[in-house]
Amino acid sequence: MAENNNRNIIECDKTNGTFELRGIVTATKKDEFYTEGTTKNHKPYRSINFGVEIESGKIIYIKLFGMPQEKVFFSKRDKDTKKTDTQAVDWKDRMTWKREGYRMIGVNCGVTKKLDEKGNEVNDSKILAPFDACGELRNLSDGQSVFVRGNITYSTYQGKHQINFEPNQVSLMTKPIDFEAEGFVPYALFTQTIIFQSVAKSEENENEFVISAKTVGFNSVEDCEFVTHNARLAKTFKSSIKPYNSVEVFGDIVVESHIEEVEEDDGWGTSNKMKRVSSPTVRKLMITGADKDSLDKEKYTEEIIDKALAVIAANRNAKKEYGASDDGSN
């Protein structure tokens, strides 16, 4: 979670994933909405975890974790040369360091209001380090309409693959979202570079194809699944992309609850059909297209990925042997 404090131990390029969504804030009254404390190495941390309802009853959870950093970074892009200059700033100076044209690389938080020079109510936008952003995002409350943009990361916990949505922008929207409005269309989109592995017909949904892939994060290589309902696209993947080729895909973040019919005897000599949720809500990344110009057949190979996995495993074993922590404080 606190990956900025760790040294990158693998040489693979990251496969970046981003998302954008609009929705209504929920789950701010839960205990886990905002937490703070210290790691087992006595380093302070903060975390935020809230839901964004993208349509009635369909929620995507947004999570952010932050710790004090040795340095924060400010950047400035030159309009003429198109080059970006980056300046490292000590953590203690992050709120006071000023230089014309430079902006902190952090989380853009616009979750409170202020009056501008003309007396209009606008978002009081602040770019903050994740640790500070968690504190600012405590100002969110249920029912607010927000726009959220950020990065998608992938992880494995107790053998289960997880998709994580980490924000780099959370902004209040000017116009409230109305799910019942005529013509309402949910807005929850993603873009992701994947390292293709295979494509196959879904065993659970006859209209669905499952695309197996790998993604490379900061010191991790994860197995991931994407889906598509586009049979022609699935056929193109199967015929035109080989295992370990990389390609940028894009589409919709879909929230589903699986419902099954259950016939149950009520004890009075008749049977009733009851509907029940057969499994927890599932969030899928539904591919609707791919950028053919992004197809790369050379950057990743099975050998490169296997080497990265070996380095990750060796590092994990070393941490266990020496009692090192995974909280980012070593």
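Student: Which residues does S220 touch, not counting residues up to four places away in sequence?

Tutor: With contact taken as heavy atoms within 4.5 Å, S220 touches I10, T215 and I312. Keep in mind that this is a predicted model, in which local features need pLDDT of at least 70 and side-chain atom pairs count only at pLDDT 80 or more, while totals for chains, interfaces and linings use all residues. Residues are numbered from 1 along each chain as its sequence is written, and side-chain values use heavy atoms, with hydrogens and water left out.

Student: Why does S220 count as buried?

Tutor: Buried means under 20% relative accessible area, exposed over 50% and partly exposed in between, with a 1.4 Å probe and protein chains only. S220 has 17% relative accessibility, and therefore counts as buried. S220 is found in strand β16 (residues 220-228), strands being DSSP runs of E with at least two residues, numbered from the N terminus.

Student: How do you know that β5 and β7 pair?

Tutor: Two strands pair if DSSP finds at least two bridges between them. β5 and strand β7 (residues 103-104) are joined by 2 bridges and run antiparallel, so the pair meets that definition. Strand β5 (residues 71-77) also pairs with strand β6 (residues 84-90), in the antiparallel sense over 7 bridges. F74 has Q87 as its bridge partner in β6 and stands opposite M104 in β7.

Student: What makes β6 and β7 the edge strands?

Tutor: The open sheet of 3 strands has the order β6-β5-β7, and β6 and β7 are its edge strands, since each pairs on one side only.

Student: Which residues touch the most other members of the largest nonpolar core?

Tutor: A nonpolar core is a set of buried Ala, Val, Leu, Ile, Met, Phe, Trp, Tyr and Cys residues joined through side-chain atoms within 4.5 Å. Of the 47 residues in the largest one, those touching the most other members include L21, F50 and I60. Strand β14 (residues 188-201) gives the largest share of this core, 5 residues.

Notes: Helices (H or I, at least four residues) and strands (E, at least two) are DSSP runs, numbered from the N terminus.
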